[in-house]
Amino acid sequence: MTSWLAAHRRACTGTLARLLRAPLASLFNIAVIGTALALPLGFYVILANLQELARDYSPQPQLSVFLAPEATAAEARALGERLKARSGVSASRFVPRAEALETLKSRTGLDDIIAGLPGNPLPDAWVITAAGADAATLDALRGEFQQWPKVAEVHVDSEWARRLDQLLALGRHAVLLLATALAFALVAVTFNTIRLQILTQRDEIEVAKLIGATDGWIRRPFLYFGAITGAAGGGAAWLMIWGVLALFNDRLQPLASLYGLPLRLTHLNGSDSITLLFFAAALGWFGAWLSVRRHLGTYNPS
Amino acid sequence: MSQIALSSVSKRYPGGHQALNGVSLAIEAGEMAFITGPSGAGKSTLLKLIAAIERPSAGSVVVNGQNVGTLRAQGIPFLRRNFGLVFQDHKLLFDRSVFDNVMLPLEITGFDRREGARRARAALDKVGLLHKEKARPITLSGGEQQRLCIARAIVHRPAILLADEPTGNLDAGYAADIGELFRDFNRVGVTVVLATHDMQLAARLQPRLIEIRSGRVHHD
């Protein structure tokens, strides 16, 4: 076990030494991987910021529960109690039919027409705010309230939520597609780099095989190389996006102050950043593994 | 049981060249044997079969009780660790120092680094190259390169030393030095198998002589 660990440590330090021996080549390699990762990462960061913004500045998700015209005041109060008791309802407000009529008059200027009506055609209503903003929650609440007695109709003001949801889902989809394409690019870059390394180290590999090296021993440094350049590329992508955000936030400040909004794009949080590094390392390792499998598996000294 | 046992071994290369044809021989632990014969007789092929670098087309090669011909691919590295291999073309790694070349077999077997360094220096001292441990192999003479190859072959203390034309390109003085090295290893119990046509060396060391002609044992 300790010798196994020592072998891994040696392969790892050997790989780092190899990277440092050709700093320019390593740097360019890492830059290529970093750029490939920075593109989907950038989109992802923008999307995450948009989502945050949408959550902060959109109106609360509301439902209007209209009572049947024959409902009495007591029945309206009972309904209100029931609404308040329902989980998923964060606030509720009673709008009596008279108040609704007044609002209609003052907002629309239809005084004359309303004055000509024989009575108040508007029903009493409860306006409630749902705790959840997603379309599914709102639809579920609507369906439930519709079944209650003395409820004539329930309106959901959830169209905007639905649209935003769809847009963000589309964005996530695009990011996923882009990330897949560029993950493939990362694997391809590592694959090729390792192929070249295997070609330049043919002598070493041959000698090592002849004097009793296992395939695992020969593969290990290449796999470490893939994982380390992948992780370094992920780090480079993180730094690129960090730089872009810093520049962008500087330019955004005057605009945001005009609108009185605290607009500011934020970077990935800690756990997402670590996930990024792991993901990049895994892709690099995978590319190296494919290359080693392809180019060492068939190779036998003679 | 013999340490190395070949029975009715034939080797035909793809393309039809019949390198060995029905070779049977046994080499005991601690023996020194020279495999001689004209160029192209199959000496190198014989060594390659023993070291599992080639597989026999027919017959069996048994080393330390293991049948080399039927060994699984994963087992071959561990079989090879029984051998010290000395190549005619040295197969040194020119991108690293003399010392690091000798360290390679110990790194492969996961040897403790400090103990390994001690052993590598002992091996270099044995072949008279300790003062050049930091040099690059490319700066060594032909004889020194051959001795470096020997140091690498013995550093992990193998039971069997296989050498293919170890004195092939060397003048008589160097060849004699290297012959003495092999005699020393044999004296401490290492089985030494050499493929050579250097009869001067044979005359000096008085080993068992196995002569191969046209892929057959002509004289043992």
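Biologist: In which loop of chain B is B:Ser214 found?

Modeller: B:Ser214 lies in the loop between β9 (208-213) and β10 (216-219) of chain B. Please bear in mind that this is a predicted model.

Biologist: What makes B:Asn64 buried, exposed or partly exposed?

Modeller: Its relative accessibility is 38%. Buried requires under 20% and exposed over 50%, so B:Asn64 counts as partly exposed. This residue is in the loop between β4 (58-63) and β5 (66-67) of chain B, and it has a positive phi of about 50° although it is not a glycine.

Biologist: How do you know whether B:Ser2 is buried or exposed?

Modeller: The relative accessible area of B:Ser2 is 15%. The limit for buried is under 20%, and therefore B:Ser2 is buried. Its place is in the segment before β1 (4-12) of chain B.

Biologist: Which residues does B:Ser2 touch, leaving aside those up to four places away in sequence?

Modeller: B:Ser2 touches B:Ala26, B:Ile27 and B:Glu28.

Biologist: What makes the pair B:Ser2 and B:Glu28 a polar contact?

Modeller: The side chains of B:Ser2 and B:Glu28 approach to 2.8 Å.

Biologist: Why is helix α3 (residues 98-108) of chain B described as largely enclosed by the rest of the structure?

Modeller: Ten of its eleven residues are buried, so the description follows from the count. Among the buried residues of α3(B) are B:Val98, B:Phe99, B:Met103, B:Leu106 and B:Ile108, and also B:Asn101 and B:Glu107. After α3(B) comes B:Gly110, with a positive phi near 75°.

Biologist: Into which domains is chain B divided?

Modeller: The domain assignment gives domain 1 (1-82 + 158-220) and domain 2 (92-156). The contact between them takes twelve residues from domain 1 of chain B and 13 residues from domain 2 of chain B. The C-alpha centres of these two domains lie 23 Å apart. In chain A, divided into domain 1 (2-57 + 163-296) and domain 2 (62-156), the corresponding centres lie 54 Å apart.

Biologist: How much area do domain 1 of chain B and domain 2 of chain B bury between them?

Modeller: They bury about 1,100 Å², 73% of it on carbon and sulfur atoms.

Biologist: What makes B:Asp184 and B:Lys126 a salt bridge?

Modeller: Their side chains meet at 3.2 Å, N to O. The criterion is a Lys or Arg nitrogen within 4 Å of a carboxyl oxygen of Asp or Glu, so this pair qualifies. The count between the two domains is one salt bridge. On the domain 1 side of this contact, helix α6 (residues 172-187) of chain B gives the most, with six residues. That side divides into nine nonpolar, no polar and three charged residues.

Biologist: How is the size of an interface often given?

Modeller: It is often given as the accessible area lost when the parts come together. Between chain A and chain B the buried area is about 1,700 Å², of which carbon and sulfur atoms give 64%. A:Arg10, A:Leu210 and A:Ile211 supply 37% of the area that chain A buries against chain B, more than any other three residues. The contact takes 16 residues from chain A and 21 residues from chain B.

Biologist: How do you know that A:Glu206 and B:Lys91 meet in a salt bridge?

Modeller: The N to O distance between their side chains is 3.1 Å. The limit is 4 Å, so the pair meets the criterion. The count between chain A and chain B is two salt bridges, together with five residue pairs in polar contact. The largest share of the chain A side, seven residues, comes from α8(A). The residues of that side divide into seven nonpolar, four polar and five charged.

Technical notes
Residues numbered from 1 in each chain as written. Chains lettered and ligands numbered in written order. Predicted model: local features only at pLDDT ≥ 70, side-chain atom pairs only at ≥ 80, totals over all residues. Heavy atoms only, no water. Domains from an automatic or database assignment. Contact = heavy atoms within 4.5 Å. Buried area = accessible area lost by both parts, 1.4 Å probe. Helix = DSSP H or I, 4+ residues; strand = E, 2+ residues; numbered from the N terminus. Nonpolar A, V, L, I, M, F, W, Y, C, P; charged D, E, K, R; others polar. Buried < 20%, exposed > 50% of the residue type's maximum accessible area, 1.4 Å probe, protein only. Polar contact = N/O pair within 3.5 Å; in protein donor to acceptor, adjacent residues only side chain to side chain.
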